[in-house]
Amino acid sequence: MSFTEEPKLTISNSTATEYCLIKVKDTWSRQIGHCEHEHGEGHRSDAKIYESSTGRCVTWTVVSPVIFTYRIVECENLLDVNNDTLLFGHIADPQEVQSLKRSTKLLRRFVVIDETVNYLYGAQVVQYFESWKVVYKILPLPTTEENKNMTLVTTILEEVHRFGIDRRSEPIIAIGGGVCLDIVGLAASLYRRRTPYIRVPTTLLSYIDASVGAKTGVNFCSCKNKLGSYTPPTATFLDRSFIRNLPRRHISNGMAEMLKMALMKHKGLFELLEMEGRSLLDSIFQSYNVTEGSGYTDAASLATKVAIVTMLEELAPNLWEDDLDRLVDFGHLISPELEMTVLPELLHGEAVNIDMAFMLYVARERGFLTEEDVQRIISCMKCLELPVWHQQCSLDLVQKSLSERLKHSGGKMRMPLPTGLGKAEIFNDMDSATLCQAFKKWCEELGTGH
């Protein structure tokens with residue numbers, strides 16, 4: 001008779017037995033130990049179960065790694081009938097793509113599209129699917145901030161249910177701005193507990209921000225994105241040609257999130273926006289006279305690439321926000337309250353920029369930025385045609401927003417502040433006197449009449 005020593009692990013101050021999980025002939029079973037190589041057959045899971053006993057209780061602790069893989073594909077002419085990205089770009093395996101193309105089974109797609117985008121591109125979307133003989137349902141919706149609620153989510157879910165989709169192989173497609181992508185993402189996360197979906201952003205803001213992360217959400221009880229989930233899309237398809245029909249104000253709106261990443265971690269991007277920001281506005285972020293295969297050499301391509309890459313650097317290691325210290329929260333401490341208070345007066349990026357402008361004064365008051373730094377950044381903001389102050393952004397609103405921040409961030413302020421051009425840190429100490437002094441100077445220098 002032999003005995004196997006049970007590996008021990010301390011969990012919640014008790015000694016636990018560790019079990020790995022092995023699947024043989026469709027059945028999972030637990031085995032003591034790490035199960036590294038001693039089992040010749042079966043599939044070993046990365047999950048583990050720990051069992052412990054303390055007095056009257058037996059506790060099982062499950063450690064189950066959750067890995068999401070999603071693709072962000074930047075391409076041109078997404079709706080060109082010769083471009084198969086919209087149908088197959090989310091699939092990494094070339095053999096699977098070829099198998100689907102050879103299959104006699106018709107592809108099926110459910111598409112939610114912003115109604116304004118549908119007016120501009122709806123006919124092209126229809127032509128695209130019909131050329132590929134796709135069975136499709138297109139649902140145009142008014143996806144505005146005022147309508148960002150559970151009513152639209154349930155509308156989508158009811159239509160998806162009527163259409164009927166395979167939740168593994170028929171991803172829902174969202175075509176629109178950030179609101180559309182957020183709403184559809186939440187609907188997909190709820191339908192059969194998680195249905196794959198694809199994001200196609202049509203605004204600059206969603207191109208570099210909402211489309212590359214995992215968040216979904218809707219507004220609730222007059223609070224921005226109060227309901228939501230962390231459910232990344234199967235893929236995001238980026239095509240800057242959608243942006244060329246945007247009003248100038250919406251281009252400026254998107255540049256606020258780009259400037260956020262520049263101020264937090266990329267001085268080169270800030271300098272690019274400082275020098276080329278006005279021309280990027282004028283050109284609507286389109287690349288002209290660029291040789292095919294020349295890479296990201298023009299200002300529009302380079303700015304969007306750096307903004308996306310820096311955003312991914314911050315999001316990918318912390319997709320579920322287990323760590324609440326997030327540089328990407330810069331500009332998002334006060335702006336949610338301001339945006340909802342004056343809805344629909346300010347666009348999201350405009351509210352974010354007003355928040356950032358105020359925080360520059362907080363950073364200056366604390367000695368992190370020089371007067372020259374602040375004025376240089378404010379000048380850049382104005383060049384990008386972004387607001388730097390708003391009369392509704394009162395000291396009461398600021399204090400209320402920061403109080404809410406403490407409540408929902410584990411009792412810490414977690415305030416990202418620039419400590420120079422293109423670098424930042426997160427701070428938890430903020431005294432009322434510094435905040436009031438910064439607010440006073442912000443209003444004096446940038447308020448009405450300036």
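The crossing of helix H13 and helix H14 is right-handed; that word applies when the near helix is turned clockwise from the far one by less than a right angle, and left-handed when anticlockwise. This is a predicted model, in which local features need pLDDT of at least 70, side-chain atom pairs count only at pLDDT 80 or more, and totals for chains, interfaces and linings use all residues. Residues are numbered from 1 along each chain as its sequence is written, and side-chain values use heavy atoms, without hydrogens and water.

H13 spans residues 395-408 and H14 residues 432-446; their axes come within 11 Å and cross at roughly 140°. The two helices are therefore oblique to each other, a term for angles that are not under 35 degrees (roughly parallel), over 145 (roughly antiparallel) or 65 to 115 (roughly perpendicular). Leu 395, Val 398, Gln 399 and Leu 402 of H13 meet Ser 432, Leu 435, Cys 436 and Phe 439 of H14, where contact means heavy atoms within 4.5 Å. Six of these residues are nonpolar, two are polar and none is charged.

I turn now to the aromatic rings. The whole structure holds 12 aromatic pairs, with ring centres within 6.5 Å. In one of them, Phe 68 and Trp 320 lie 5.4 Å apart, centre to centre, with 40° between the planes, and the pair is tilted, that is, neither stacked (under 30 degrees) nor edge-to-face (over 60). Phe 68 lies in the loop between strands E5 and E6 and Trp 320 in the loop between helices H9 and H10, so the pair ties together parts 252 residues apart in sequence.

Ring pairs also link Phe 88, Tyr 128, Phe 129, Trp 132 and Tyr 136 into a cluster.

Conventions:
Axes are lines fitted to C-alpha atoms, for helices over the stretch in contact, and angles run from 0 to 180 degrees between N-to-C directions. Helices (H or I, at least four residues) and strands (E, at least two) are DSSP runs, numbered from the N terminus. Ala, Val, Leu, Ile, Met, Phe, Trp, Tyr, Cys and Pro count as nonpolar, Asp, Glu, Lys and Arg as charged, and the others, Gly among them, as polar. Rings of Phe, Tyr and Trp (its six-membered ring) pair if their centres lie within 6.5 Å; planes under 30 degrees apart count as stacked, over 60 as edge-to-face and the rest as tilted.
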